[in-house]
Amino acid sequence: MGTTRCRRGNVQAPQQGLALPFGNRRSFLAAGVASIAACTLPRNAAASAPLLLGTTAVFLDDQLQLLDIWRADLQAALKQDIQFVQRRSYGEIVDLLLRGQIDAAWICGYPYVLNADKLKLLVVPQYQGNPQYRSYLIVPKEDRSTARIADLRERVFAYSDPLSNSGFLVPRTELLAEHQDPLRFFSKAFFTFAHSKVVEAVAAGLASGGAVDGYVWDSIASQHGARAAGTRVAWRSPEYGFPPIVVGEHVADDTALALRDALLQMHARSDGRLILKRLFLDRFVEGADSLYDGIRGLVRTSAGENPARDSA
């Protein structure tokens, strides 16, 4: 019998323990690391190559069971094999997407803006009636005085991911707006590569502050209150376009449209509603590229001359 080769994401269990030093951040909570392996299916069991969808632990940490339900839902809607490929960081997922090794991905608006000429915006999640979200500055609950990031000079700070808008770009540009050098402002800074791990690090006193996706913090506070109880939201950013689902430029238009339609109709399917409820989302909607103009402004600020050095 003939066979068809396909690629699968092999999801591994997260590692345990914390590694604080900034230079050793690759050992910090590498949760949900996955790899693409080869598999062999009977030709009559796979009418076409699987559609590979990328996710990261940055955004979907501790959601492996939910991804299995989502995979089955999309397979039923598309009549096509679906495989989720999970990596630790946005950078790894975007690299796979740009090299054509995966077909679509749920990424942050920051890497979308940086690569908008090579990616197609597919859909955007709607959260509390709005396809936008905020970055939160969080501190330990005992800290009642911190009101902005400039109050954390010479403290330890937790970022989520170098390509996260809410978890890196926003706090960086806030410091630049205060005429501070982000590389020298904190006594130590590190990446957790998951918004939920930023919350855990701040709650445990491993960091004096951290920057997280407000949607993730709200979801943790609602579903796992004890995990967020040790933190306080000290500051909320303006709204930015919600992390979108995008496809690579190598994906055929009919395939992209079919995936878009399946995502747009998730709220009309029973399993789709279950997934959205677990994700604390209303539905997926068609998003305009202009949703990400606010992030484009932050990118320009971040890429410009450092006002801290200009005023030195």
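How many bridges pair strand β6 with β15, and in which sense do the two run? Strand β6 (residues 119-126) and β15 pair over three bridges, in the antiparallel sense. The model is predicted.

## The chain overall

The chain has 312 residues, and 54% of them count as buried. Its secondary structure comes to 13 helices and 15 strands.

Residues 24 or more positions apart account for 80% of them.

## The six-stranded sheet

Strands β6 and β15 belong to an open sheet of six strands. The order is β4-β3-β5-β14-β6-β15, and the pairing is mixed. Strands β4 (82-87) and β15 (283-285) are the edges, so named because each pairs on one side only. Neighbouring strands are turned by 25 degrees against each other on average, direction ignored.

Helix α2 (residues 64-78) touches β3, β4, β5, β14 and β15, and its direction makes about 150 degrees with that of β4. Helix α3 (residues 90-98) touches β3, β4, β5, β6 and β14. The direction of α3 makes about 135 degrees with that of β4.

## The five-stranded sheet

Five other strands form an open sheet in the order β10-β9-β11-β8-β12, again with mixed pairing. The edge strands are β10 (188-191) and β12 (231-236). Strand β9 (residues 156-159) runs parallel to β10, joined by four bridges. Here Ala158 stands opposite Phe190 in β10.

Helix α5 (residues 165-177) packs on this sheet and touches β8, β9, β10, β11 and β12. Its direction makes about 125 degrees with that of β11. Helix α8 (residues 214-223) also packs here, touching β8, β11 and β12. For α8, the angle with β11 is about 95 degrees.

## The nonpolar cores

In soluble globular proteins, nonpolar side chains tend to be buried together. The largest nonpolar core here has 72 residues. Trp70, Ile107, Ile138, Leu259, Leu263 and Phe284 touch the most other members. This core draws at least three residues from each of domain 1 (51-130 + 242-303) and domain 2 (132-241). A second, separate core of 15 residues includes Val139, Phe168, Leu175 and Phe185.

What does Phe284 touch, leaving out residues up to four places away in sequence? Among its contacts are Trp70, Trp106, Val124, Leu263 and Met266.

Conventions. Residues numbered from 1 in each chain as written. Predicted model: local features only at pLDDT ≥ 70, side-chain atom pairs only at ≥ 80, totals over all residues. Heavy atoms only, no water. Core = buried A, V, L, I, M, F, W, Y, C linked by side-chain atoms within 4.5 Å. Buried < 20%, exposed > 50% of the residue type's maximum accessible area, 1.4 Å probe, protein only. Domains from an automatic or database assignment. Contact = heavy atoms within 4.5 Å. Pairing = 2+ DSSP bridges. Axes fitted to C-alpha atoms, helices over the stretch in contact; angles between N-to-C directions.
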